[in-house]
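Dear colleague,

Please find the structure below, together with its sequence. My notes on it follow.

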Amino acid sequence: MYTFDYQRPTSREAALAAAQGDARFLAGGQSLVQAMRLRLSATERMIDLGGIADLAGITVDAQQVTIGAMTTHAAVAASGDVRRAIPALAELAGNIGDPSVRNMGTLGGSIANSDPAACYPAALLALDATVHTNKRQIAVASFFTGLYETALDAGELVVSVSFPIPKRAAYMKYRQPASHFALVGVFVSEGAGGVRVAVTGAGPFVFRAKELEAALGKQFAPEALHGITIAADNLNTDMHGTAAYRAAMVTVMAQRAVEKALA
């Protein structure tokens, strides 16, 4: 790594005060630390958020599940409250990476990183979540803006994410065997706002599949998606799969997610 100053504050106020100039928040480090080890990323000051207790935790009421930014994937997966309110969200968290990643990686770190194949962005978009920061509330439709890009300003701190509780939901991921990232992941939900289908892994960043949403809005059943083709334009092509392959898998994973949601 390049040389940097390391700080571990114990309050949000101290963390924000330290986030001046060339500074980065460390929210788990499962992506950032590896990039820094390879000298693909660098910063003058690393601010470790792990010492700020009130950035972690889960609360559930009749309308929504709110998860603190520093809550680990393992904690979400193990939460009985989350499993009862939004089982698909708990299952998604329990299948991120491996045990080491799940016990270190955090919700806030994942969404702020905006990896094109990460699982959490699909859950946020499909469940119409809201991201709460130290400055404002950001609707998920405006949060993910591009490849490793979000609407967060420099020094803006993610505090929590609130997820409206849907009528039913499910997530299916066709994962890359080595990394366990989604080659294609599809999160389907049906709630007060209708049917939402969010896709991760297939494109440069998470997106909604409007064709699938329209079909499922008429009939929430796997057969409603038969014959629907997602355009391969602007989807990812790499050594693991072509854009055309990913386009086909979006429909397949969506059908499986609907089957699971109905089970």
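The side chains of aspartate 238 and arginine 246 are joined by a polar contact of 3.0 Å (a pair of N or O atoms within 3.5 Å; within protein, one must be able to donate a hydrogen and the other to accept it, and residues adjacent in sequence count only if both atoms are side-chain atoms). This is a predicted model, in which local features need pLDDT of at least 70 and side-chain atom pairs pLDDT 80 or more, while totals for chains, interfaces and linings use all residues. Residues are numbered from 1 along each chain as its sequence is written, and side-chain values use heavy atoms, without hydrogens and water.

Aspartate 238 sits in the loop between helix H10 (210-218) and helix H11 (243-262); helices (H or I, at least four residues) and strands (E, at least two) are DSSP runs, numbered from the N terminus. With a relative accessible area of 36%, aspartate 238 is partly exposed, that is, between buried (under 20%) and exposed (over 50%), using a 1.4 Å probe and protein chains only.

Four strands form an open sheet in the order S11-S12-S13-S14, with antiparallel pairing (at least two DSSP bridges between two strands). Its edge strands, S11 (168-175) and S14 (207-208), each pair on one side only. Strand S13 (residues 194-200) is joined to S14 by two bridges, and valine 199 stands opposite phenylalanine 207 in S14.

H11 packs on the sheet, touching S11, S12 and S13, where contact means heavy atoms within 4.5 Å.

Kind regards

Definitions and conventions
Axes are lines fitted to C-alpha atoms, for helices over the stretch in contact, and angles run from 0 to 180 degrees between N-to-C directions.
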